[in-house]
Each structure stands twice: as structure tokens, then as C-alpha cells.
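I opened my notebook for another chain today. Here is what I looked up, entry by entry.

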Amino acid sequence: MTIMPLNIKKMNFNQLFKQIAPVEFTGNVFTLVGKDYLVITAGRDTHYNSMVGSGGGLGMLFKKPTTWCILKADRYTLELIEKVQTYTMSYFPDQYRKQMLFLGSKSGRDTEKMKEAELTIVQTPCGNISFKEARLIIECTLTAITTPNPDDFATNEAKDYISEAYKEASDYRKFVFGEITYVWVKK
């Protein structure tokens, strides 16, 4: 468990995080993707938005370390990913569960939720946005956004999931693939 220093707000990015290569990541990917709290953030320091993610994966695509996640088509964060072509995937210790649930409770499109989030933003050396409280930050460059077709899936369970999601256009799912450009872990 990571213990946050009392002066975290005064610390800069390089004091808090160290870079590792994607192949150096030793966490359990099934816990990371299926159990841990994930926040996806896109935009720049003057305008950004975050959302809670659930589901996705990590692996190799086109010989590059890659993440993928499934986002509802109407998500504001997805619009920002398309606009800036980069995003972060940040993972937090359990002590920040309340803040994560808050980020998933309302849209940032029409509210000031990012100012209310009770998290401290930090800019990565590349200019992407994450949070000082994160224990792991994965920076990504957008590779592709696709809309799955129910007919593309072999199992009835997958077809049913996508068909159910397509009952209303606002519920359509987009698969977002991003090349991992940097991985940062808490010092």
C-alpha cells in the first residue's frame, strides 16, 4: 500500500513518479483491469476530463505495447481523446475509492466535476494530465477507435452484450486502442 506524503500537493511529477519500460511492469493485468480503479483522462492543463474505466486490456498490437478499453460512445472523455490523440490511464490505491466513484458519477461536459474531484492534477513531461495520488500512470497515443458489430463476435454472450448496448445510440460502445508511450510508477 502506497502511503502519500503530507506535502504531496507541493511535490512535482519527477519527485513522485519514476519511468519504467512497459516490459518492466510486474502487476497482475487481470487485477489491474478487472478489480483496480482506473481513471482515463484526456485533454490539456487548461481543459481536460476524466472518467472511470472498467474493462479493457494490455498487450501487443502492431508490435507495440498497447492498451485497449471499451467506452460508451457519448462519453466526453472520448471526444477529448479523439481531439488530442493522447490520454492517460491512471490507477489508484483503494484509499481513493470515493474520488474514483465521484469521477464516474457525472459528466464533465456540462459540469465543473474536475474542480470538485478532490484529486491533485499533475502534468506528465509530455503534457498529459493525471493525478498526484495515482500509483501507476500509463500514457497512451491513440492508435484506433472502432465500433464493434455484433456479427463480428463468435460467442452468443459477446453478441448479446453488444446487441444490448446498441438498443440506444448513446449506449453504443467504442473500442479504444492506444500505444503505450510511457509508464510511470509511484516512487
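**Entry 1: around helix α3.** I began with what covers the buried residues of α3, and the list includes β2 (38–44), β3 (47–53), β5 (64–72), β6 (86–91), β9 (136–146) and β10 (173–186). Contact here means heavy atoms within 4.5 Å. Helices (H or I, at least four residues) and strands (E, at least two) are DSSP runs numbered from the N terminus. The helix itself spans residues 76–84, and its buried residues are Tyr76, Thr77, Leu78, Leu80 and Ile81. For burial I used relative accessible area: buried is under 20%, exposed over 50%, and partly exposed in between (1.4 Å probe, protein chains only). Just after α3, I noted that Gln85 has a positive phi of about 70 degrees.

**Entry 2: ground rules.** I am working on a predicted model, where local features need pLDDT of at least 70, side-chain atom pairs count only at pLDDT 80 or more, and totals for chains, interfaces and linings use all residues. Residues are numbered from 1 along each chain as its sequence is written, and side-chain values use heavy atoms, with hydrogens and water left out.

**Entry 3: pockets.** On a 1 Å grid over the protein atoms alone, a pocket is an open set of points where a 1.4 Å probe fits, with protein on both sides within 12 Å along at least five of seven lines; lining residues have an atom within 4 Å of a point. A volume is the space filled by probe spheres set on the points, which are joined across faces, edges and corners.

The largest pocket holds about 490 Å³ of space. I found 26 residues in its lining, with Met51, Val52, Leu71, Lys72 and Arg75 nearest the centre. β3, β5 and α3 are the elements that each give two or more residues to this lining, and β3 supplies the largest share, 5 residues. By class I have 8 nonpolar, 11 polar and 7 charged residues there. Nonpolar covers Ala, Val, Leu, Ile, Met, Phe, Trp, Tyr, Cys and Pro, charged covers Asp, Glu, Lys and Arg, and the others, Gly among them, are polar.

The second largest pocket holds about 230 Å³. Of its 14 lining residues, Pro22, Phe25, Leu58, Pro65 and Ile180 are the closest to the centre. The lining divides into 11 nonpolar, 3 polar and no charged residues.

**Entry 4: positive phi in loops.** Lys63, in the loop between β4 and β5, has phi near 65 degrees. Lys63 is exposed, at 80% relative accessible area. Glu118, in the loop between α5 (113–116) and β7 (121–123), has phi near 60 degrees.

**Entry 5: aromatic rings.** Rings of Phe, Tyr and Trp (its six-membered ring) pair if their centres lie within 6.5 Å; planes under 30 degrees apart are stacked, over 60 edge-to-face, and the rest tilted. My search of the whole structure gave 7 aromatic pairs. Trp68 and Phe175 have ring centres 6.2 Å apart and planes at 35 degrees, so I logged the pair as tilted. This pair joins strands β5 and β10, with Trp68 and Phe175 107 residues apart. Is Phe175 buried or exposed? Phe175 is buried at 15%, whereas Trp68 is partly exposed at 31%. Phe175 also pairs with Phe153: centres 6.5 Å apart and planes at 70 degrees, so edge-to-face. Finally, I noted one aromatic cluster formed by Phe13, Phe17, Tyr182 and Trp184.
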